[in-house]
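Open the model in your viewer and keep the sequence panel beside it. This tour says what to select at each stop and what you will find there.

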Amino acid sequence: MDYAVLTGIVLVAGVLLALIAQWRDWRPPLIVAIAVGVVVRVLIMYTSAIDTWQPVDFMESFKPAGEAVLRGQDPVLASEGGWHFLPTIPYVYGILLWLGIPWEYAGRLVTVVADIVLIPLVAKLAGGPRASLRALQYALNPLALLIASVHGQVEPVALVFGVAAFVVARGPGDPERSGMTTDVVAKLRRGMAAYGLRASIPRVIGRGGMLHRALLPGADDLAHLKRGALAGLLMGLALCAKSWPIWLIPGMLLLLPNLRSRVAALFTTGLVPIFFLVTLPIFAGTSLDQIPAVIHTIQDIRPIIGEWGWTPWFTGGDWALIPALASFGTNLIYVCVIAVLLVWRRADPIDLTTAILLIFMVVTPRLGAQYLLWFMPFLIARPTRFAWPAILGVSLWAGYGYLYMTQFDVTTWWYMHQDWSRASIVLLPILLLAMPWGRRVAPAPGLAPSVETTEKTTVTSAA
């Protein structure tokens with residue numbers, strides 16, 4: 001990589017600025033955070049585009065998918081299985097290539113724009129007086145810069161729709177986040193308790209009760225339905241980018257106010273991928289008898305392990321096709337996610353989602369560096385005590401691979417990969433500690449400043 005030193009200087013300077021902002025409690029205007037994010041992303045995108053080194057999958061998987069769309073072919077089948085997702089993003093690639101934008105810029109423009117939009121979304125996700133600080137910290141996040149501007153991986157596209165779904169699902173008026181004072185909350189609770197059982201019966205079967213609202217939804221219910229449908233639409237678009245946002249769905253559903261809105265969200269979440277699948281004959285030139293092959297290719301994930309965590313210690317630090325270990329790791333993910341759902345069942349849905357994504361990173365048998373971006377917006381929006389050790393640790397590990405290992409020939413890279421991949425096991429306990437252990441139960445409205453009290457120790461822990 002020709003511009004590794006320049007990129008490294010920008011990343012280190014950004015980390016230092018983010019830590020100083022945390023220490024000094026800077027709260028810049030949101031427009032400043034966005035401007036900073038635009039400048040650093042465009043700079044690194046430019047140097048990466050003119051570099052003699054280009055990521056292999058960026059050139060041999062993403063580019064053929066966009067070119068296939070230009071030819072009116074299915075990107076999944078035409079690129080010989082190089083694209084394992086719905087063709088939503090290749091459609092955008094095709095448009096940019098059709099406009100005459102060189103691929104080295106066009107492929108990264110998609111992810112850079114998405115990552116810039118994520119900056120204000122992180123602020124919305126965080127809420128409260130430090131929202132703009134969180135936006136600035138994401139704008140300077142070194143891993144986000146590497147994934148979006150250097151590699152051009154599509155994780156930011158999936159995240160921008162997934163985080164937007166969370167923001168919509170939470171809505172502007174939820175009591176848990178409406179800023180009610182302790183006195184108001186206490187009065188509401190005392191008033192509800194004073195009615196006892198006699199007040200609960202009309203709420204169920206009387207006019208305006210649950211049964212009445214279920215049969216004849218009012219204005220509030222219609223608003224909730226629209227909110228759920230829009231959140232589901234956004235989550236569906238996230239699933240069209242990549243399949244992993246399925247782990248975000250539980251948190252999105254829990255943020256919605258009632259069962260009807262959750263059903264609407266689930267319906268639209270599934271409807272969007274189905275739409276892009278059934279319209280393949282129209283937009284991608286796929287014949288009807290090829291659609292089963294497209295579905296099979298999308299679902300077919302080779303059990304490659306040995307890149308991260310515990311599996312490199314079974315492969316000598318090299319990639320390997322070992323179905324038994326891949327299957328064991330996959331089942332371990334399911335067991336651990338279920339355990340997280342039980343332990344954090346009473347937590348804030350954002351904390352629950354952070355816990356799910358972090359436990360995935362700890363136990364997964366296979367991982368690319370881009371996976372580590374999944375939890376970043378959520379952990380930055382609601383930091384834990386070990387948030388910054390986790391952020392710095394995974395950024396350092398990924399940066400070593402992107403900036404240093406790319407200075408050598410292929411043979412040397414593979415030798416270095418053996419130690420690099422096995423060294424990632426050191427990060428697993430740090431990610432485990434970064435889970436929101438102190439926020440397993442959401443505080444009552446207007447009470448317990450859960451994030452504000454823990455973030456004071458974050459910089460100290462990182463140091």
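**Stop 1: helix H5**

Select residues 88-98, which form helix H5; eight of its eleven residues are buried, so H5 is largely enclosed by the rest of the structure. Keep in mind throughout that this is a predicted model. To see the enclosed part of H5, colour its buried residues: Thr88, Ile89, Pro90, Tyr91, Tyr93, Gly94, Leu96 and Leu97. Then step just past the end of H5 to Gly100, which has a positive phi of about 90 degrees.

**Stop 2: the whole protein**

Zoom out and show the cartoon. The protein has 25 helices and two strands. Of its 463 residues, 51% are buried. Now consider contacts between residues with a separation of 6 or more: 76% of them join residues 24 or more positions apart.

**Stop 3: Asp25 and helix H2**

Select Asp25, in the loop between H1 and H2. Asp25 is not a glycine, yet its phi is positive, at about 55 degrees. Is this residue buried, exposed or partly exposed? Its relative accessible area is 27%, and because this lies between the 20% and 50% cut-offs, Asp25 counts as partly exposed.

Move on to residues 30-49, which make up helix H2. H2 contains 20 residues and reaches 28 Å from its first C-alpha to its last, close to the 28 Å expected at 1.5 Å a residue. Its buried residues are Ala33, Gly37, Val40, Arg41, Ile44, Met45, Thr47, Ser48 and Ala49. An α-helix has 3.6 residues a turn, so residues three or four places apart point the same way. Look for that spacing as you colour the buried residues of H2, among them Ala33, Gly37, Val40 and Ile44.

What do the buried residues of H2 pack against? Show helix H1 (4-24), helix H6 (103-126), helix H7 (131-139) and helix H8 (142-151): these are the partners.

**Stop 4: the cavity**

The structure holds one cavity of 30 Å³ or more, and the volume of the largest cavity is about 30 Å³. To find it, select the lining residues Arg134, Gln137, Leu379, Ile380, Pro383, Ala387, Trp388 and Ile391. Three helices, H7, H20 (376-381) and H21 (387-404), each supply at least two residues of this lining. Which helix gives the largest share? H21 does, with three residues. Colour the lining by class and you will see six nonpolar residues, one polar and one charged.

**Stop 5: Thr354**

Thr354 sits in helix H19, residues 349-363. With a relative accessible area of 1%, Thr354 is buried.

**Stop 6: Val343**

Finish at Val343, in helix H18 (residues 323-343). Val343 is partly exposed, and its relative accessible area is 40%. Select Val441 too and draw a distance between the two C-alpha atoms: they are 9.0 Å apart in space, although Val343 and Val441 are 98 residues apart in sequence.

Note on methods: Residues numbered from 1 in each chain as written. Predicted model: local features only at pLDDT ≥ 70, side-chain atom pairs only at ≥ 80, totals over all residues. Heavy atoms only, no water. Helix = DSSP H or I, 4+ residues; strand = E, 2+ residues; numbered from the N terminus. Expected span 1.5 Å × (residues − 1). Buried < 20%, exposed > 50% of the residue type's maximum accessible area, 1.4 Å probe, protein only. Contact = heavy atoms within 4.5 Å. 1 Å grid on protein atoms, 1.4 Å probe; cavity = no way out; pocket = protein on both sides within 12 Å on 5 of 7 lines; lining within 4 Å. Points joined across faces, edges and corners; volume = space filled by probe spheres on them. Nonpolar A, V, L, I, M, F, W, Y, C, P; charged D, E, K, R; others polar.
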